[in-house]
Amino acid sequence: MKTHIRNRFDRAGATYRDAAVVQCGVARTLSDLVPPVHFPRILEIGGGCGLLHALLRKNGVSGTYLALDLSRRMLETVADGKADQALHLVQADGEACPVRPGTMDLLLSSSTLQWFD
């Protein structure tokens, strides 16, 4: 199942941002809930094309940001991936997260958990 999901998002990588109307709204709502402060270590599971990351940065959230996604192609479309030196893009399965528990200060996920087993 994970291979199927990853392949679908890999194929959609180049066009996803333009079609993600609902996901943009969810990311906007979520970003508005996060206070504009510094979190030393931020983990986003399902970072995709960077919708939530961009909104959080625009709203003043700072800190080292680890964006984890199943799809490498989605991560390759993160527009500000090279501009934000504190952003680290990692292809990985959120259900088998490669981050040790208790090492992050903020955990985020937007429009991702429905893909979990």
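These legends walk through a few close-ups of a predicted model. Local features need pLDDT of at least 70 and side-chain atom pairs count only at pLDDT 80 or more, while totals for chains, interfaces and linings use all residues. Residues are numbered from 1 along each chain as its sequence is written, and side-chain values use heavy atoms, with hydrogens and water left out.

**View 1. Four strands make an open sheet in the order β3-β2-β1-β4.** Helices (H or I, at least four residues) and strands (E, at least two) are DSSP runs, numbered from the N terminus. The pairing here is parallel; two strands pair if DSSP finds at least two bridges between them. β3 and β4 (106–109) sit at the edges with a single partner strand each, so one side of each has no neighbour in the sheet. On average, neighbouring strands are turned by 20° against each other, direction ignored; the axes behind such angles are lines fitted to C-alpha atoms (for helices over the stretch in contact), and angles run from 0 to 180 degrees between N-to-C directions.

View 2. β2 pairs with β1 (residues 38–45) over 6 bridges, and Ser 62 is the bridge partner of His 38.

**View 3. Helix α4 lies across β1, β2, β3 and β4.** α4 runs at about 170° to β2.

**View 4. Now for the largest nonpolar core, a group of 20 residues.** A nonpolar core is a set of buried Ala, Val, Leu, Ile, Met, Phe, Trp, Tyr and Cys residues joined through side-chain atoms within 4.5 Å. Val 34, Ile 42, Leu 52, Leu 56, Tyr 65 and Leu 108 touch the most other members. Two or more residues come from each of α1 (2–12), α3 (21–33), β1, α4, β2 and β4.

**View 5. Zoom in on Val 34 and the residues it touches.** Leaving out residues up to four places away in sequence, Val 34 touches Phe 39, Leu 56, Val 61, Leu 106 and Leu 108; contact means heavy atoms within 4.5 Å.

Methods:
Buried means under 20% relative accessible area, exposed over 50%, partly exposed in between (1.4 Å probe, protein chains only).
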